[in-house]
Amino acid sequence: PFSGPSMQYLPVCLQLQGTPVVLVGGGTVGTRKARLLLRAGANLTVVSPQISPELEGSLAQHGGIWQQSEYAETDLHGKKLVIAATPSREVNQRVHDDAIALSLPVNVVDDPELCTFIFPAIIDRDPIIIAVSSSGQSPVLARLLRRKIEALVPAAYGRLARFAGRMRTLVKEHIPEEGPRRLFWEQTMESTVAEQVMSGREQAAEQQLRERLRDADSLYRGEVYLIGAGPGDPDLMTFKAARLLQRADVVLYDRLVAPKIVEMARKDAERVYVGKRRAEHALPQVEINQLLLDLALQGKRVARLKGGDPFVFGRGGEEIELLARHKVSFQVVPGITAGSGAACYAGIPLTHRDHAQSVRFVAGYLKNDSVDQNWSSFQSTTETLVFYMGLLGLPMICEQLQAHGRSPETPIALVERATLMEQRVLRGTLATMTEIVRREKPTAPTLIIVGDVVRLHEDLAWFGEA
């Protein structure tokens, strides 16, 4: 005999299309239940002397019946499901007793003792339905859990389920054996095909699925996720980034990716550190590109975590170029670039009606001991300049901006370890900043912001140090 823990209720899904259902009570609570029953296609009869205007309109729209009368036992005859939602405990008790006598399933709202079934909190991703129940003990907690699950399950999963339903016959024709077919679907549900469907590109998804079915080798080919990990704070990761990271078999990361973000990967995922620090690369870029390709061709799902956004000074284009040439599937997930994250957490708007009407992102790293830029184009006082990777080049940045016409009093800020608890903001001017940095000794990663918007830091900062 089964000796495990018992359940108060067995979760089931009822097919109610055209099923005669009676709802006793037409107030606010009854209206909420009627919404669910009508959405499920029930043939609904509401028994109540009065009903809410919303419920009356819904019944008219969906072909339901309002029986304007007090409840009587005969109201249950011919029905398959019973719900009581009146403010009277006496009436609700009568409905329960009559339903039990007729062997009908009955729910008395907010009274578990009078229920043979209960309504769970529902996450509707039709045709995917997720139900959460506290067995009637804490409906508020069930709704709280529903909200959490809703945040984790994109609405587009319903579209993906319908797409899979349309493709079932096609896949079965190409892969008649159950085992390989199940493996194919498991891979497809966590592939670029699925992501395209959820993004609304179903025609492209179907084309790719058909290509995979024609190309036997592709069934064993992996894919790469180029994921923007943001400037450091794990809470700035997108839902899609977190979802793909959890899917990966192998994770490649570098120094700019916060350890807490790497920890978000599956526990059994292989982790590979690939650098990078100035003049100290664990792997040269060309070898990183090749490693991504090799792992994918081995059938692995590979997450390449990159600080900030992969396409903003992240060399993401180089990494996927080789994959594209070898027809390896890849996805690029944008991340919050360091310029935006650092500015927000430091309280420095990059644009502001009174201070700056444009912003420019600039590479600030040294090359051949020089920051090679068109300095004369950086002279607008209504444009904010954001220098990435500019810590070593900061003295030259300050010097060249002044040499080409910017005022020595132009405000400048250096944000160290942006968005993390260790964030620090150093402020000065083009004339004083080099000495401030020499004295304070900040370490990478840092970001430099130049322009009048820096003056707003003191009033708007909510994170880090002034």
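Helices α14 and α15 are roughly antiparallel to each other, because their axes cross at roughly 170 degrees and angles over 145 degrees count as roughly antiparallel, under 35 as roughly parallel, 65 to 115 as roughly perpendicular and the rest as oblique. This is a predicted model, in which local features need pLDDT of at least 70 and side-chain atom pairs count only at pLDDT 80 or more, while totals for chains, interfaces and linings use all residues. Residues are numbered from 1 along each chain as its sequence is written, and side-chain values use heavy atoms, with hydrogens and water left out.

Look at that pair again. Helix α14 covers residues 394–403 and helix α15 covers residues 433–440. Their axes come within 9 Å. (Axes are lines fitted to C-alpha atoms, for helices over the stretch in contact, and angles run from 0 to 180 degrees between N-to-C directions. Helices are DSSP runs of H or I with at least four residues, strands are runs of E with at least two, and both are numbered from the N terminus.) From α14, L394, P395 and C398 meet M433, T434 and V437 of α15; contact means heavy atoms within 4.5 Å. The residues of this contact divide into 5 nonpolar, 1 polar and no charged. Here Ala, Val, Leu, Ile, Met, Phe, Trp, Tyr, Cys and Pro count as nonpolar, Asp, Glu, Lys and Arg as charged, and the others, Gly among them, as polar.

A cis peptide bond joins A444 to P445, with omega about 5 degrees.

Now turn to α1 (28–39). It packs against helix α2 (residues 53–62) at an angle of about 15 degrees, and the axes are 10 Å apart. So α1 and α2 are roughly parallel to each other. Their crossing is left-handed, meaning that the near helix is turned anticlockwise from the far one by less than a right angle; clockwise would be right-handed. T31, A34, R35 and L38 of α1 meet E54, L55, S58, L59 and H62 of α2. That contact has 4 nonpolar, 3 polar and 2 charged residues.

Helix α11 (residues 285–297) and helix α12 (residues 316–325) pack at about 40 degrees, with axes 9 Å apart. That angle makes α11 oblique to α12. The crossing of these two is right-handed. In α11, Q285, I288, N289, Q290, L292 and L293 meet E318, E319, L322 and L323 in α12. The contact holds 5 nonpolar, 3 polar and 2 charged residues.

Next comes a pocket. On a 1 Å grid over the protein atoms alone, a pocket is an open set of points where a 1.4 Å probe fits, with protein on both sides within 12 Å along at least five of seven lines; lining residues have an atom within 4 Å of a point. The second largest pocket has a volume of about 1100 Å³, where volume is the space filled by probe spheres set on the points, joined across faces, edges and corners. Its lining has 30 residues, and V12, C13, L14, P120 and I122 lie nearest the centre. Elements giving two or more residues to this lining are α1, β6 (121–125) and β7 (128–132). The largest share, 3 residues, comes from α1. The lining divides into 21 nonpolar, 6 polar and 3 charged residues.

Two loops remain. P127 sits in the loop between β6 and β7. A cis peptide bond joins D126 and P127, with omega about 10 degrees. S103 is in the loop between α3 (89–101) and β5 (106–108). Phi of S103 is near 60 degrees, a positive value in a residue other than glycine.
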